Amino acid sequence: MLVPHPNAMLADRDYDSDSFHQNLLIHGTLLTIPSRNSRSALHQTDWQCYCNHIERMFNRLKQMRRIATRYDKTALSFMSFLNITAARLLIRSFLNVT
(Lines give C-alpha, C1' and ligand atoms only; values in the text may rest on other atoms or scores of the structure.)
Protein backbone atom coordinates (compact mmCIF):
# COMPACT_ATOMS: atom_id res chain seq x y z
CA MET A 1 0.00 0.00 0.00
CA LEU A 2 1.39 3.37 -1.00
CA VAL A 3 1.28 6.21 1.48
CA PRO A 4 0.03 9.48 -0.07
CA HIS A 5 2.14 12.59 0.21
CA PRO A 6 0.87 15.14 2.73
CA ASN A 7 -0.65 18.45 1.62
CA ALA A 8 1.15 20.39 4.35
CA MET A 9 4.13 19.84 6.64
CA LEU A 10 4.49 21.42 10.06
CA ALA A 11 7.90 20.85 11.61
CA ASP A 12 10.41 22.23 14.07
CA ARG A 13 13.61 24.13 13.21
CA ASP A 14 15.53 20.85 13.14
CA TYR A 15 13.96 20.06 9.75
CA ASP A 16 15.10 23.31 8.14
CA SER A 17 17.44 22.05 5.42
CA ASP A 18 17.51 22.79 1.71
CA SER A 19 17.28 19.14 0.70
CA PHE A 20 14.25 18.58 2.96
CA HIS A 21 12.54 21.70 1.56
CA GLN A 22 13.22 20.70 -2.05
CA ASN A 23 11.99 17.15 -1.56
CA LEU A 24 8.67 18.31 -0.13
CA LEU A 25 8.19 21.14 -2.62
CA ILE A 26 8.67 18.72 -5.54
CA HIS A 27 5.65 16.78 -4.27
CA GLY A 28 3.58 19.96 -3.82
CA THR A 29 3.66 20.00 -0.02
CA LEU A 30 3.18 23.35 1.73
CA LEU A 31 5.82 23.97 4.39
CA THR A 32 5.55 25.64 7.77
CA ILE A 33 9.06 25.30 9.13
CA PRO A 34 10.80 28.18 10.92
CA SER A 35 14.26 29.05 9.65
CA ARG A 36 17.30 28.36 11.79
CA ASN A 37 19.01 31.40 13.23
CA SER A 38 22.23 30.59 11.35
CA ARG A 39 20.53 30.54 7.92
CA SER A 40 21.43 33.49 5.69
CA ALA A 41 18.23 33.44 3.58
CA LEU A 42 15.26 33.14 5.92
CA HIS A 43 12.06 31.37 4.85
CA GLN A 44 8.69 32.90 5.54
CA THR A 45 6.77 31.12 8.28
CA ASP A 46 3.09 31.23 9.20
CA TRP A 47 3.74 31.75 12.92
CA GLN A 48 0.11 31.56 13.94
CA CYS A 49 -0.26 28.12 12.33
CA TYR A 50 3.09 27.00 13.74
CA CYS A 51 2.34 28.04 17.31
CA ASN A 52 -1.18 26.67 17.29
CA HIS A 53 -0.21 23.21 16.10
CA ILE A 54 3.42 22.44 16.89
CA GLU A 55 3.66 24.00 20.33
CA ARG A 56 0.37 22.47 21.44
CA MET A 57 1.50 19.05 20.23
CA PHE A 58 4.74 19.26 22.22
CA ASN A 59 2.73 20.44 25.23
CA ARG A 60 0.45 17.39 24.98
CA LEU A 61 3.43 15.05 24.69
CA LYS A 62 5.19 16.61 27.67
CA GLN A 63 2.10 16.14 29.81
CA MET A 64 3.00 12.46 29.78
CA ARG A 65 5.37 12.20 32.73
CA ARG A 66 7.44 9.41 31.24
CA ILE A 67 8.27 11.53 28.17
CA ALA A 68 8.87 14.76 30.07
CA THR A 69 11.35 13.17 32.48
CA ARG A 70 12.86 10.57 30.09
CA TYR A 71 12.73 7.59 32.44
CA ASP A 72 13.76 5.25 29.61
CA LYS A 73 17.43 4.33 29.57
CA THR A 74 17.86 3.72 25.85
CA ALA A 75 16.97 5.88 22.87
CA LEU A 76 15.06 2.99 21.30
CA SER A 77 12.74 2.54 24.27
CA PHE A 78 12.19 6.32 24.52
CA MET A 79 11.31 6.59 20.82
CA SER A 80 9.04 3.55 21.10
CA PHE A 81 7.10 5.09 23.97
CA LEU A 82 7.01 8.43 22.12
CA ASN A 83 5.44 6.68 19.11
CA ILE A 84 2.89 4.92 21.32
CA THR A 85 1.98 8.22 22.96
CA ALA A 86 1.67 10.02 19.62
CA ALA A 87 -0.58 7.24 18.31
CA ARG A 88 -2.69 7.46 21.44
CA LEU A 89 -3.12 11.21 20.99
CA LEU A 90 -3.96 10.75 17.30
CA ILE A 91 -6.60 8.10 18.03
CA ARG A 92 -8.02 10.27 20.79
CA SER A 93 -8.43 13.15 18.32
CA PHE A 94 -10.76 11.00 16.20
CA LEU A 95 -13.12 10.32 19.10
CA ASN A 96 -16.03 12.59 19.87
CA VAL A 97 -15.14 13.87 23.34
CA THR A 98 -17.85 16.04 24.90
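**Notes on Thr-85 and its surroundings**

1. Leaving aside its neighbours within four places in sequence, Thr-85 is in contact with Leu-61, Met-64 and Ile-67; contact here means heavy atoms within 4.5 Å. This is a predicted model, where local features need pLDDT of at least 70 and side-chain atom pairs count only at pLDDT 80 or more, while totals for chains, interfaces and linings use all residues. Residues are numbered from 1 along each chain as its sequence is written, and side-chain values use heavy atoms, with hydrogens and water left out.

2. Where does Thr-85 sit? Thr-85 belongs to helix H4, residues 75-94. (Helices, H or I of at least four residues, and strands, E of at least two, are DSSP runs numbered from the N terminus.) Thr-85 is buried, at 4% relative accessible area. For reference, buried is under 20% relative accessible area, exposed is over 50%, and partly exposed is in between, with a 1.4 Å probe and protein chains only. The Thr-85 side chain also reaches the backbone oxygen of Phe-81, at 2.8 Å.

3. Now for H4 as a whole. At 1.5 Å a residue, its 20 residues should span 28 Å, and the end C-alpha atoms are 29 Å apart, which agrees. (The expected span is 1.5 Å times one less than the number of residues.) Buried in H4 are Phe-78, Leu-82, Thr-85 and Leu-89. Looking down the H4 axis, these buried residues fall within an arc of 65°, so they line one face of the helix; the arc is taken from the directions from the helix axis to the C-beta atoms. On the other side of H4, Leu-76, Ile-84, Ile-91 and Phe-94 are exposed.

4. What do the buried residues of H4 pack against? They pack against H2 and H3. Phe-78, for one, touches Ile-67, Arg-70 and Asp-72, not counting residues up to four places away in sequence.

5. The largest nonpolar core has five residues: Leu-61, Ile-67, Phe-78, Leu-82 and Leu-89. H4 supplies the largest share of this core, three residues. A nonpolar core is a set of buried Ala, Val, Leu, Ile, Met, Phe, Trp, Tyr and Cys residues joined through side-chain atoms within 4.5 Å.

6. Over to helix H2, residues 47-62: its 16 residues should span 22 Å at 1.5 Å a residue, and the end C-alpha atoms are 21 Å apart, which agrees. In H2, Tyr-50, Ile-54 and Leu-61 are buried. Down the H2 axis, the buried residues fall within an arc of 45°, so they line one face of the helix. Their packing partners are strand S1 (8-10), strand S2 (30-32), helix H3 (65-69) and H4.

7. How many aromatic pairs are there? The count comes to one. The ring centres of Tyr-15 and Phe-20 are 5.5 Å apart and the planes are at 40°, so the pair is tilted. The rule pairs rings of Phe, Tyr and Trp (its six-membered ring) if their centres lie within 6.5 Å; planes under 30 degrees apart are stacked, over 60 edge-to-face and the rest tilted. Tyr-15 counts as partly exposed at 44% relative accessibility, and Phe-20 counts as partly exposed at 23%.

8. Is Leu-42 buried or exposed? Leu-42 lies in the loop between S2 and H2 and is exposed, with a relative accessible area of 61%. Not counting residues up to four places away in sequence, Leu-42 touches Ser-35 and Arg-36. Leu-42 and Asn-52 are 10 residues apart in sequence and 21 Å apart in space, C-alpha to C-alpha.

Note on methods: A polar contact is a pair of N or O atoms within 3.5 Å; within protein, one must be able to donate a hydrogen and the other to accept it, and residues adjacent in sequence count only if both atoms are side-chain atoms.
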